Amino acid sequence: MSLSTALSIAQSALMNTAKQTSVVSRNVADADNPNYSRRQAVVTSTAPGARSVDIQRATNDLLFRQNLGALSAWSGQNALYSGMDQLGVSVNGVDNASSPSTAIGNLQQALQLYATSPSNQNLGASVIDAAKQVVRSLNEGSKAVQDFRTQTDSQIATAVDDINSLLSQFQDANTAVMSGTRSGTDVSDALDQRDALLKKISDYVPVSTFTRGDNDMVITTGDGTTLFETIPRTVSFAPSSGYTAGAAGNAVYIDNVPISAGTGGNTSASGKLAGLLQLRDSVASTMQSQLDETARGLITAFAETAPSLPNAAGLFTWSGAPAVPAAGTLVNGLAASISVNAAMDPSAGGNPTLLRDGGANGAAYVANTGGGASYSSLLVAYGDRLDQPMTFDPAAGVSATSSVSDYAANSIGWFEGVRQQASTASDAKEALASRSAEALSNATGVNVDQEMSLLLDLEHTYQASARMMKTVDDMMTALLNAVG
């Protein structure tokens, strides 16, 4: 081997070591970046005696797809659970303190006390106050549900804007990957950016990918709807300015295909959008229906009766009064319109004794025809009706036959049951997402200890190359001195 060849080899070794050191340094610098994949500087032979460094990016397609799926599942579940937490407090208060069920329980107690001393007008006024609290809980609960639906609708609109922006960014990253692949340049950074964007997109909708020539990637949703192919597909949504009971929400479309809302406490929703749709159109709407059915049950339980005359709204009235809502049939928005009959409300100039005696709808409905101050039969009858089974609309999601007081309690039970399922599933899916991310990181992320060990090996390689150059330099100096 000639001295010039030896010198060339040593110089090449130094350059390769410098490139390898640069890669190791980059790995260490980005060790805490969850979207960074480890780079490997691989020395390859390009010609007899010549070597070069190729930079390769660590990948694991299987683990990456599993991580995307786990992220989508957790995002949908978390959207449902966190939304239900907010909705429960808004409608029922902390520990259900302001729920219709609690208010109805207080009304029953006030009614029982009044029945023991029907001549006490103060006790009658207390019953009216308790009835007002029932009305307040239903009115405010209904408003809270529809406000929640409006807020959720706004969150959906924001999410749609976000995903459209992410798809636009993905197009730029995908173009960079394709361009670099065609020119033969390193596209590791562009691939990192593209994968990071995929993770963000999977937070909103489940994604599936496949790669074509020149590393061109196509994205579809879990049900096969195209999300990106050469260009982004449009994700569209028309938000509503406000909601009323029974009003349907608008769908979210991907390339003109509607997204399906999730179902169940352990929701089938994959991605935030499906979870938000489930909250708006299923959970909140069902809760509203239960409030409406509770209101209808109360109007029915306290309706006045008279021979040969139809039942008429008594203590509780509504926009359709004096008629009583049809049995077993949901009336959308009834919880928002229910009120205490002004004829019995002292603050509105009414007389609470009408609850004891009857007659809010005219003399034909008077039950205490003798005018006795100790008459309590009607008060006892009202109390019994609150505990007597009646028919409810099964579409509201609670048992179709129960008493009003039990129905209100069962409504809370239904909500808490779904919320508990959502909580348990959220913890499980979060754990799965964390484990899949950890597995992916172990396979493609940076281990600083390994990188520092490799850096030490490279230092030794550098020292050997430097010594070789020093030896060649000494030999050439000695040769020149000998010639001179």
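**Sheets, spaces and the core**

Strand β8, residues 252-254, pairs with β9 in the antiparallel sense over two bridges, and Ile254 stands opposite Val257 in β9. When I say two strands pair, I mean that DSSP finds at least two bridges between them. Helices (H or I, at least four residues) and strands (E, at least two) are DSSP runs, numbered from the N terminus.

Some housekeeping before I go on. This is a predicted model, in which local features need pLDDT of at least 70 and side-chain atom pairs count only at pLDDT 80 or more, while totals for chains, interfaces and linings use all residues. Residues are numbered from 1 along each chain as its sequence is written, and side-chain values use heavy atoms, with hydrogens and water left out.

Back to strands. There's also an open sheet of four, in the order β3-β4-β5-β6, again with antiparallel pairing. Here the edges are β3 and β6 (231-232), and each of them pairs on one side only. β6 is joined to strand β5 (residues 226-229) by two bridges in the antiparallel sense, and Phe228 has Pro232 in β6 as its bridge partner.

Now have a look at Val207, which sits in strand β3. Is Val207 buried or exposed? Val207 counts as buried because its relative accessibility is 16%, and the cut-offs are under 20% for buried, over 50% for exposed and partly exposed in between, with a 1.4 Å probe and protein chains only. Leaving out residues up to four places away in sequence, Val207 touches Leu68, Ser72, Leu198, Ile201, Ser202, Ile219, Thr220 and Leu227. Touching, or contact, means heavy atoms within 4.5 Å. Val207 and Arg65 are 142 residues apart in sequence, yet 8.7 Å apart in space, C-alpha to C-alpha.

One more pair of strands: β10 (residues 304-306) and β11 (residues 309-312) pair in the antiparallel sense over two bridges. Ala306 has Leu309 in β11 as its bridge partner. Two residues lie between the strands of this hairpin, and Ser308 takes a positive phi near 65°.

In soluble globular proteins, nonpolar side chains tend to be buried together. Here the largest nonpolar core has 89 residues, and Ile201, Phe302 and Phe316 have the most contacts inside it. Helix α4 (residues 121-183) gives the most to this core, with 20 residues. By nonpolar core I mean a set of buried Ala, Val, Leu, Ile, Met, Phe, Trp, Tyr and Cys residues joined through side-chain atoms within 4.5 Å. Beyond its neighbours within four places in sequence, Phe316 is in contact with residues including Leu107, Val134, Leu298, Phe302 and Ile338.

Thr152 is also placed in helix α4. It counts as buried because its relative accessibility is 1%. Again not counting residues up to four places away, Thr152 touches Leu276, Leu279 and Arg280.

On a 1 Å grid over the protein atoms alone, a cavity is a set of points where a 1.4 Å probe fits but cannot get out, while a pocket is an open set with protein on both sides within 12 Å along at least five of seven lines; lining residues have an atom within 4 Å of a point. Grid points are joined across faces, edges and corners, and a volume is the space filled by probe spheres set on the points.

The largest pocket has a volume of about 680 Å³. Of its 33 lining residues, Ser37, Arg57, Phe64, Asp195 and Leu440 lie nearest the centre. Which element gives the most to that lining? That's α5, with six residues. The second largest pocket has a volume of about 240 Å³, and its lining of 17 residues has Pro206, Asp223, Ile259, Ser260 and Ser270 nearest the centre.

And how many cavities of 30 Å³ or more does a search of the whole structure find? One. The largest cavity holds about 90 Å³ of space, and α2, α6 (272-301) and α10 each give two or more residues to its lining. Among the lining residues are Val91, Met287, Thr294 and Phe415.
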